[in-house]
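We will walk through it stop by stop.

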Amino acid sequence: MTSRIAVAAGIFGALTSAVTAGVYVDFSARIMPSYGRMANAVGIARMQSSNRSIENGPFMLAFCGAGLAGGYLVYRLLRGDRATADVLLAAGGVAYLAGLLLTMVYNVPLNNRLAAVDPQAASSVDLWRDYLAHWTAANSVRAALSVGAVALLVAGLVAAARVHD
């Protein structure tokens, strides 16, 4: 039987993963294409500003909170909780954590390189065009992983509720 703490972590993880997924989808579908249509210097400056402002309380709560919930749910599975709900909840945790890992090893280094350039410098154009393609592709993967996490977490919560009925 899935514990109440695991159910609470699943609810929290699903909500925070959904917030994170929404931000990622918005960036890939709307914001990055918009920045790409701007003059290079303007697009670079806007993305630099976005990268600085994203590190705020509400987003970081969702971004890190989903990771903590996911880590806890994976821990429960590894320690031996193997009900269907536990497996689904842990799978949701793995999906979110994979996106978190992608963020740390790929998107953040790209952001750091972009932060170091002068938007007005001609030498920034090639980096910016490369950044647009690669960052957006990786961000779309993060979006898919976060959406997948939400689906798996909700499936785990439904499975847990069925056991309690």
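**Stop 1: a crossing of two helices.** This is a predicted model. Select H3 and H4 first: their crossing is left-handed. H3 covers residues 57-78, and H4 covers residues 84-115. Their axes come within 7 Å of each other. They cross at roughly 135°.

Now show side chains where the two helices meet. On the H3 side, pick residues including Ala 62, Phe 63, Ala 66 and Gly 67. Further picks in H3 include Gly 70, Gly 71, Leu 73 and Arg 76. On the H4 side, the contact residues include Asp 86, Val 87, Leu 89 and Ala 90. Gly 93, Tyr 96, Leu 100 and Met 104 are also among them.

**Stop 2: the whole chain.** Zoom out. How many helices and strands are there? The chain has five helices and zero strands. Trace the sequence and you follow the pattern α-α-α-α-α. The C-alpha atoms fill a box of roughly 65 × 25 × 25 Å along the principal axes. Of the 165 residues, 43% are buried. Take the contacts with a separation of 6 or more: 83% of them join residues 24 or more positions apart.

**Stop 3: the largest nonpolar core.** Nonpolar side chains tend to be buried together in soluble globular proteins. Here, the largest nonpolar core has 14 residues. Select Met 32, Tyr 35, Met 47, Leu 114, Trp 128, Tyr 131 and Trp 135, which touch the most other members. Which elements give two or more residues to this core? They are H1, H2 (40-53), H4 and H5 (124-164).

Centre on Trp 135. Leave out residues up to four places away in sequence, and Trp 135 touches Phe 27, Met 32, Met 47, Asn 107, Leu 110, Asn 111 and Arg 142.

Next, find a second, separate core of eight residues. Its members include Phe 59, Phe 63, Ala 66 and Ala 143. You have met two of these names already: Phe 63 and Ala 66 are among the H3 residues that meet H4.

**Stop 4: a glycine in H1.** Select Gly 22, which lies in helix H1 (residues 4-37). Is Gly 22 buried or partly exposed? Its relative accessible area is 40%, so Gly 22 is partly exposed. Gly 22 and Ser 146 are 124 residues apart along the chain, yet their C-alpha atoms are separated by 8.8 Å.

Terms used:
Residues numbered from 1 in each chain as written. Predicted model: local features only at pLDDT ≥ 70, side-chain atom pairs only at ≥ 80, totals over all residues. Heavy atoms only, no water. Axes fitted to C-alpha atoms, helices over the stretch in contact; angles between N-to-C directions. Helix = DSSP H or I, 4+ residues; strand = E, 2+ residues; numbered from the N terminus. Left-handed = near helix turned anticlockwise from the far one by under 90°. Contact = heavy atoms within 4.5 Å. Buried < 20%, exposed > 50% of the residue type's maximum accessible area, 1.4 Å probe, protein only. Core = buried A, V, L, I, M, F, W, Y, C linked by side-chain atoms within 4.5 Å.
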